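Please read this note with the structure open beside you.

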Amino acid sequence: MIEEIMAKQYRDGQYIVVPENPVSMFLFNSTRSAWIWLLVRLYLGYAWLTSGLKKLTAEAWTGSEAGAAIQGFVGGALAKAEEGKDVTGWYASFLEGFVLPNAKLFAYMVAFGEVLVGLGLILGLLTGIAAFFGGLMNASFLFAGTVSSNPLLFILATWLVLAWKVAGWYGLDRWALPLLGTPWSRKRKDRDIPEQV
């Protein structure tokens with residue numbers, strides 16, 4: 001029955017089914033690869049957590065001068081954009097028109113966001129989501145012309161997003177993911193698409 005439904009959907013052009021290669025099957029679906037992702041998670045988590053904790057205790061981020069660090073960062077990015085270096089016009093407009101007027105809010109978001117991403121990765125709780133938001137921050141910093149360790153952290157975060165099913169196996173995801181389920185598995189019961197086993 002399931003094979004017939006899948007075959008019909010394939011013929012109708014609804015799905016393209018390509019068998020997964022053994023390397024990606026191992027890396028992204030097998031709990032035997034979880035130790036690799038544990039090392040990546042701990043490295044990234046430590047980087048985010050230590051960076052966020054420094055910001056939480058800094059006056060220019062969350063103290064009496066909250067927002068000053070963001071204003072300086074955005075000012076540097078806008079200067080690069082004016083010189084035609086490293087920062088594209090559309091991102092400079094976003095920084096100038098949206099981030100700069102809300103510098104205090106963004107300072108708190110960055111500081112607390114870095115801590116939450118770090119904790120999520122270290123604990124292995126909602127690993128894919130934590131890695132996604134870490135990668136989003138890395139991409140934002142890269143768009144603003146800050147290279148530093150951002151390319152490496154972005155690449156590792158992207159790999160963790162791809163490995164979300166097994167990346168938190170040696171962590172809280174081992175229990176959290178089965179309890180929480182996924183939004184698409186709840187919707188699937190109402191449709192004729194067979195659930196993956």
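1. Does Ala130 count as buried or exposed? Ala130 has 10% relative accessibility, and because the cut-off for buried is under 20%, Ala130 counts as buried. The model is a predicted one, so the value is computed from predicted positions.

2. Where does Ala130 sit, and what does Ala130 touch? Ala130 belongs to helix H8. With neighbours within four places in sequence left aside, its contacts are Val117, Gly120 and Leu121. Ala130 can also be compared in position with Gly45, which is 85 residues apart from Ala130 along the chain. The C-alpha atoms of these two residues are separated by 9.3 Å.

3. Now the chain as a whole. The chain has 197 residues, and 36% of them are buried. Among contacts with a separation of 6 or more, 68% are between residues 24 or more positions apart. The accessible surface is about 12200 Å², and carbon and sulfur atoms account for 68% of that surface.

4. Next, the nonpolar core. The largest such core has 34 residues. Trp37, Leu44, Ile70, Leu95, Leu121 and Leu160 touch the most other members. At least two residues of this core come from each of the helices H3 (34-56), H5 (68-82), H6 (89-99), H7 (103-123), H8 (127-143), H9 (150-162) and H10 (164-167). H7 gives the most, with six residues.

5. Which residues does Trp37 touch, not counting residues up to four places away in sequence? They are Leu27, Phe28, Trp159, Leu160, Ala163, Val166 and Ala167. Val166 is also a contact of Ser30, as is Met25, again leaving aside neighbours within four places. Ser30 lies in the loop between helix H2 (22-29) and H3. Ser30 counts as buried, at 12% relative accessibility.

6. Leu38 is another residue of H3. At 23% relative accessibility, Leu38 counts as partly exposed. From Leu38 to Leu123 the C-alpha distance is 9.8 Å, while the two are 85 residues apart in sequence.

7. Which residues of H5 are buried? They are Ala69, Ile70, Val74, Ala77 and Leu78. These residues lie on the same side of H5, because the arc they cover around the axis is only 165°. Their cover includes helix H4 (59-62), H6 and H7.

8. There are ten aromatic pairs in the structure. In one of them, the ring centres of Phe73 and Phe141 are 6.1 Å apart and the planes are at 80°, so this pair is edge-to-face. The pair links distant parts of the chain, with Phe73 in helix H5 and Phe141 in helix H8, 68 residues apart. Phe73 is partly exposed, at a relative accessible area of 31%, whereas Phe141 is buried, at 18%.

9. A second pair is made by Tyr91 and Phe94, and this pair is tilted. The distance is 5.6 Å centre to centre, with 40° between the planes. Why are Tyr91 and Phe94 separated by about one helical turn? Both are in helix H6, and they are three residues apart. Tyr91 is buried, with a relative accessible area of 7%, whereas Phe94 is partly exposed, with 33%.

10. Last, the aromatic cluster. Tyr91 and Phe94 belong to one cluster together with Trp90, Phe98, Phe106 and Phe143.

Notes. Residues numbered from 1 in each chain as written. Predicted model: local features only at pLDDT ≥ 70, side-chain atom pairs only at ≥ 80, totals over all residues. Heavy atoms only, no water. Core = buried A, V, L, I, M, F, W, Y, C linked by side-chain atoms within 4.5 Å. Buried < 20%, exposed > 50% of the residue type's maximum accessible area, 1.4 Å probe, protein only. Helix = DSSP H or I, 4+ residues; strand = E, 2+ residues; numbered from the N terminus. Contact = heavy atoms within 4.5 Å. Arc of directions from axis to C-beta. Areas by Shrake-Rupley, 256 points an atom, 1.4 Å probe, with all protein chains shown as cover. Phe/Tyr/Trp six-rings, centres within 6.5 Å; stacked < 30°, edge-to-face > 60°.
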